[in-house]
Amino acid sequence: MILQMIINGLLVGGLYASIGVSFSLVYGIMGIINLAQGTQIILGAYLTCAMVQFFHIDPFLTLPVSGFVLFCWGYAIQRCIINMVGKGGVVLTSLLTFGLNLVLINIILLIWNADFRGVNPAYAGKNFELFGATIPYVRLAVFFVAVVATVSLHWFLGHTQTGNAIHASAQNKRAAQIVGINIRHSYALTFAISSGLAGAMGTLYVILKPVSPFSGADLLMILFLVAVLGGLGNIPGALLGGVVMGLTDSFSVLCLGMQYQKIVLFLGFILVLIFLPRGFFGRRFYG
Amino acid sequence: MAERDRLGRKTTAGGAWATRTVFGVLLLAAFLVPLALRGYWVRLLANVFMFGILAQGVNIIAGYCGYLALGNILFFGLGAYVTAVLMTHFGVPFPVAFAASGAGAVIFSAGIGLLILRLKGQYFLMATLALSELMREVISSLDITGGGRGLTLPMFTGGAATVNNFFYYLMLLLMLACTFCIWLIDRSYLGLAFKAIKFDEDAASVMGINPPPYKTAAWAISSLFTGFAGSAFAYWMGYIDPGVVFEITPSIKMYLMMVLGGAGTVWGPVAGALFIELVSELAWSRFMEYQFLIVGSILILTCLFTPKGLMDLVGKKFTWSLFTKGIRENKI
């Protein structure tokens with residue numbers, strides 16, 4: 001039973017890590033708390049539902065599409081709106097992203113109603129046994145895709161010129177501009193990558209759990225917690241944070257039961273903020 | 001330009017007569033409303049005043065002190081539940097329950113504030129959001145609060161008009177009291193300390209202002225206002241459940257009102273409350289399914305075009321460059 005819980009926690013943790021990274025990236029590079037991130041994930045999930053319903057394709061195949069749609073949305077939003085209040089400080093940018101969050105929720109409500117939606121691929125029930133623990137193939141695939149996405153993002157930021165440009169604009173705006181980096185573009189690109197990752201993770205999330213237009217609020221708590229645990233802006237840290245979060249999730253269900261899961265989540269959140277505000281690695285990591 | 005003394009307050013009131021006359025007329029009109037208008041409008045205005053109180057609550061902590069307590073609805077719910085539990089289970093009269101709600105909110109915020117106000121802005125923001133969700137979950141799972149089913153309070157005795165008028169004057173007086181309180185703070189050393197913390201916390205502590213006690217005081221005052229509003233709301237509605245009093249939308253609306261009216265100004269949040277509540281009443285009675293879209297769009301446009309609030313525009317000539325000033329100052 002305990003082994004089963006650990007495996008469940010690890011598998012969900014991969015997804016949580018990736019979600020946390022998408023949030024952490026925007027904070028680390030631009031110092032913006034994106035309160036719309038949870039709903040962006042939900043938007044990706046709804047896109048997947050719609051595509052599965054209309055074209056009857058495998059949900060995993062819709063991942064590039066929802067990722068790409070959210071990527072374009074994110075680029076446009078950052079370039080046209082968020083850049084316009086960029087210097088206004090955290091109060092203004094947080095309020096702005098909250099406004100975006102409300103608009104997104106309303107768009108989802110107008111298109112898809114307030115019902116819970118999920119996808120149910122034919123192979124959802126298939127699993128295999130490992131040391132007496134059951135591992136569904138779907139969860140394993142979700143874990144694998146999420147980890148690959150996170151690791152390749154980390155590689156992209158560290159080893160390509162665009163990635164370095166993004167890092168540079170986080171470290172010193174003025175100096176980055178002097179060496180010829182268009183920081184408006186690189187900020188927009190950062191936000192677009194974050195949104196695109198969120199959209200792709202929405203696809204994975206809806207394969208595991210059904211979503212409603214208002215699920216974004218719970219996701220926001222999870223992703224903020226993951227990002228804080230790992231240190232905001234720190235990608236390898238967020239991987240660890242995601243796994244810890246996944247384990248806490250599955251053990252709180254085992255020990256306390258379903259109805260206290262949310263209480264544990266929020267209480268844990270506040271305790272982490274009070275006692276570990278800089279995460280496991282004890283420093284703040286920008287870019 | 002009026003001259004200012006050591007604490008930055010105006011010593012000679014510039015353009016005082018026109019302002020004072022308009023202000024006096026508005027105040028008189030506010031007191032006479034229940035005599036002239038009936039039912040619907042009295043309730044609507046009482047609601048506006050309630051949001052005015054909430055907006056003044058966030059004005060102290062976010063507008064003056066710069067700490068975005070996005071989950072301030074927590075104290076609204078707490079105040080409402082303290083009143084409801086005391087009145088239904090212990091038969092306490094309303095004035096006592098009302099006072100207890102304010103005290104409860106202050107004790108809670110001061111206790112928690114000492115812990116979480118050490119956090120920097122963004123972390124504090126998320127911590128308050130989590131706190132309000134936590135409070136909602138805890139209240140939903142307790143027996144004494146009726147869980148998810150909610151509580152029904154003892155009825156206010158009297159006809160419909162008496163009820164309307166009572167809550168209208170209660171909300172109006174509360175709002176005026178809060179605004180007066182903010183006016184006092186704005187003119188005092190305390191307000192100056194709050195503004196210094198908002199401007200630069202490190203610099204403020206170098207200047208001899210120890211931030212944690214000031215921040216806690218700001219949050220306690222904020223929670224006092226919000227708790228009172230919650231208490232009055234509970235008695236007014238006669239029935240509360242966790243979904244109603246911990247709803248996130250009012251929490252956002254009070255920020256919208258504060259920013260739109262002018263964060264860190266005395267009358268701004270009240271003006272914002274009046275504007276937003278009237279607009280939403282107008283829009284929501286017709287476009288119910290677009291309510292988030294409308295609030296969200298106003299929020300975005302406010303952040304873009306009037307980041308300093310409407311009060312900043314009062315008395316200035318309207319030009320295109322004034323309209324785009326916010327964007328020019330803040331864009332990257």
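The centres of domain 1 and domain 2 of chain A, taken over C-alpha atoms, are separated by 21 Å. This is a predicted model, in which local features need pLDDT of at least 70 and side-chain atom pairs count only at pLDDT 80 or more, while totals for chains, interfaces and linings use all residues. Residues are numbered from 1 along each chain as its sequence is written, and chains are lettered from A and ligands numbered from 1 in the order in which they are written.

**Domains of chain A**

Domain 1 comprises 25-121 + 139-214 and domain 2 comprises 226-287; such bounds come from an automatic or database domain assignment. Nine residues of domain 1 of chain A are in contact with eight residues of domain 2 of chain A, where contact requires that the C-beta atoms of two residues, placed from the backbone, lie within 7 Å. On the domain 1 side, the elements giving two or more residues are helix H1 (2-30), helix H5 (137-159) and helix H6 (161-171) of chain A. Helices (H or I, at least four residues) and strands (E, at least two) are DSSP runs, numbered from the N terminus. This side divides into four nonpolar, five polar and no charged residues. Ala, Val, Leu, Ile, Met, Phe, Trp, Tyr, Cys and Pro count as nonpolar, Asp, Glu, Lys and Arg as charged, and the others, Gly among them, as polar.

**The nonpolar core**

The largest nonpolar core has 201 residues, and A:Val226 and B:Met171 have the most contacts inside it. Such a core is a set of buried Ala, Val, Leu, Ile, Met, Phe, Trp, Tyr and Cys residues joined through C-beta atoms within 7 Å. Because domain 1 and domain 2 of chain A both give residues to this core, it lies between them.

**The contact between the chains**

In chain A, 37 residues are in contact with 38 residues of chain B. Helix H4 (89-112), helix H8 (183-208), helix H9 (216-230) and helix H11 (261-275) of chain A each give two or more residues to the chain A side. The largest share, 14 residues, comes from H4(A). The chain A side divides into 27 nonpolar, seven polar and three charged residues.

**Local features of chain A**

Helix H10 (residues 235-256) of chain A has 22 residues and should span 32 Å at 1.5 Å a residue, which agrees with the 31 Å between its end C-alpha atoms; the expected span is 1.5 Å times one less than the number of residues. A:Gly257, which follows H10(A), has a positive phi near 100°. Most residues other than glycine have a negative phi.

A:His56 is found in the loop between helix H2 (37-55) and helix H3 (63-80) of chain A, and A:Asn113 lies in the loop between H4 and strand S1 (127-130) of chain A. A residue is buried if 20 or more other C-beta atoms, placed from the backbone, lie within 10 Å of its own, exposed if 12 or fewer, and partly exposed in between.

**Chain B**

Chain B contains 15 helices and two strands. Of its 332 residues, 48% count as buried.
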